[in-house]
Amino acid sequence: MTILCVRFHLPPMYEAALPRLLGLLEEFTPVVEALPPDGALADLRGAERYFGRDAVELASVIRVRALALYGVDCVIGAGPGPMLARVALRDARPGLTRAVPAGGERDFLAGKPVAALPGVGPATARTLCEYGLDTLGRVAAAPLSTLQRLVGAKTGRELHEKANGVDRGRVVPNGIARSLAAERPFTRDELDPGRHRRALLSAAEELGSRLRAVDKVCRTLTLTVRYADRSATVRSRTLKEPTAHSAALTRTAYGLYEALGLQRARVRSVALRAEGLAPAEQASHQLTFDPVDEKVRRIEEVADRARAKFGPRAVMPGSLAA
């Protein structure tokens with residue numbers, strides 16, 4: 001076992017803690033790939049030799065340090081490759097690392113549903129199940145030519161290899177600042193569109209504040225609406241110009257929500273993700289000569305200073321709405 005897939009049990013709206021937890025992993029290996037909002041992959045090949053412990057033993061140390069330093073528990077899957085580690089994570093429990101048995105990769109995967117394989121979406125899984133290929137063991141035993149006829153040449157070949165335990169993936173170090181997310185869960189399945197919009201307003205203001213705190217702007221905003229039956233709708237929109245302006249993010253979030261045309265939908269949570277981050281100094285701003293817009297921007301600057309001094313709740317959500 002050389003690869004760990006770690007998912008931290010972060011409280012809602014606490015994604016800002018992830019960079020520090022990634023720093024904890026980087027104390028063991030520089031090869032860490034962030035999986036926002038709450039996970040990471042870590043390649044421990046060098047760490048195993050350096051510390052004289054295998055990846056499962058190091059996983060226990062990581063768990064203890066995360067609890068001791070940050071009060072955050074985690075679940076960990078271990079495998080010879082990233083794909084297998086991610087599948088193992090599905091069976092992991094707090095306090096117990098789930099590891100793929102050495103040499104038993106195919107047997108480990110055999111009884112799992114095809115949807116358990118990373119990269120297999122609902123449409124592919126549905127197609128395979130319609131032909132009786134509902135487990136990875138059956139996919140592994142199916143002729144390659146059959147899979148390629150069902151899902152395409154490239155996808156079929158990759159699916160056949162993965163179902164047989166062949167993991168050609170690698171951990172690609174990256175930065176956590178590629179995206180930021182804010183989620184607003186409801187205490188009960190919420191039907192009221194007004195409450196949906198207030199949650200979006202709060203999430204957009206949080207994203208704007210966090211972007212401005214790290215001197216970033218975003219190019220794309222993604223809305224995820226989760227429903228009572230655990231299904232979800234995801235929609236993205238490219239902004240007219242890269243921004244960290246809360247009012248612009250709010251308008252875009254409202255537009256995405258209204259385009260869904262939800263009628264009496266029982267919503268469990270809404271989440272916004274700012275993607276395509278770039279340094280604010282490289283972004284251009286279209287002058288509007290709108291005194292209201294400029295006033296709101298000045299108020300944002302004051303509110304950001306208040307949050308920095310007194311905490312994130314120093315300014316009530318909605319107080320900056322344009």
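Tutor: We begin with the naming of elements. A strand is a DSSP run (E) of at least two residues, a helix is a DSSP run (H or I) of at least four, and both are numbered from the N terminus. The model before us is predicted. Under this naming, Thr 220 is found in strand β7, residues 216-227.

Student: How many helices and strands does the secondary structure of the protein chain come to?

Tutor: The protein chain has 322 residues, of which 45% count as buried. Among its contacts with a separation of 6 or more, 65% join residues 24 or more positions apart. The secondary structure comes to 12 helices and 10 strands.

Student: Is Thr 220 buried or exposed?

Tutor: Leaving aside neighbours within four places in sequence, Thr 220 is in contact with Ser 236, Arg 237, Thr 238, Leu 239, Arg 273, Ala 274 and Glu 275. Its relative accessible area is 18%. The limit for a buried residue is under 20%, so Thr 220 counts as buried.

Student: By what distance are the C-alpha atoms of Ala 78 and Arg 98 separated?

Tutor: Ala 78 lies in strand β4, residues 74-79. With a relative accessible area of 0%, Ala 78 is buried. Arg 98 is 20 residues away from Ala 78 along the chain, and the separation of their C-alpha atoms is 6.2 Å.

Student: How many residues in the contact of α1 with α3 are charged?

Tutor: On the α1 side the contact is made by Arg 20, Leu 21, Leu 24 and Leu 25, which meet Ile 62, Arg 65, Ala 66, Leu 69 and Tyr 70 in α3. By class, 7 of these residues are nonpolar and none is polar. The number of charged residues is 2.

Student: What is the handedness with which α8 passes α9?

Tutor: Helix α8 (residues 144-151) and helix α9 (residues 153-163) have their axes 7 Å apart, at an angle of about 135°. The two helices are therefore oblique to each other. The crossing of α8 past α9 is right-handed.

Student: How many polar residues has the contact of α8 with α9?

Tutor: Leu 144, Leu 147, Gln 148 and Val 151 of α8 meet Ala 153, Thr 155, Gly 156, Arg 157 and His 160 of α9. Of these residues, 4 are nonpolar and 1 is charged. The polar residues number 4.

Student: At what distance apart are the axes of α10 and α11?

Tutor: Two packed helices are described by the angle between their axes and the distance between the axes. Helices α10 (residues 193-213) and α11 cross in a right-handed manner. They pack at an angle of about 145°, and the distance between their axes is 8 Å.

Student: Is the pair of Phe 28 and Phe 51 tilted or stacked?

Tutor: A search of the whole structure finds 2 aromatic pairs. In one of them, the rings of Phe 28 and Phe 51 have centres 5.6 Å apart and planes at 50°. Planes under 30 degrees apart count as stacked and over 60 as edge-to-face, so this pair is tilted.

Student: Where in the chain are Phe 28 and Phe 51?

Tutor: The pair links distant parts of the chain, its members being 23 residues apart. Phe 28 is buried at a relative accessible area of 8%, while Phe 51 is partly exposed at 35%. Phe 28 is in the loop between α1 and β2, and Phe 51 is in helix α2.

Student: Which residues do ring pairs link into a cluster?

Tutor: Tyr 50 and Phe 51 form an edge-to-face pair, with 5.0 Å from centre to centre and 85° between the planes. Tyr 50 counts as exposed, at 69% relative accessibility. The cluster linked by ring pairs consists of Phe 28, Tyr 50 and Phe 51.

Student: What is the phi of Arg 264?

Tutor: Most residues other than glycine have a negative phi. Arg 264, in the loop between α11 and β9, is exposed at 66% relative accessibility. Although Arg 264 is not a glycine, its phi is positive, at about 55°.

How values were computed:
Residues numbered from 1 in each chain as written. Predicted model: local features only at pLDDT ≥ 70, side-chain atom pairs only at ≥ 80, totals over all residues. Heavy atoms only, no water. Contact = heavy atoms within 4.5 Å. Nonpolar A, V, L, I, M, F, W, Y, C, P; charged D, E, K, R; others polar. Buried < 20%, exposed > 50% of the residue type's maximum accessible area, 1.4 Å probe, protein only. Phe/Tyr/Trp six-rings, centres within 6.5 Å; stacked < 30°, edge-to-face > 60°. Axes fitted to C-alpha atoms, helices over the stretch in contact; angles between N-to-C directions. Parallel < 35°, antiparallel > 145°, perpendicular 65-115°, else oblique. Left-handed = near helix turned anticlockwise from the far one by under 90°.
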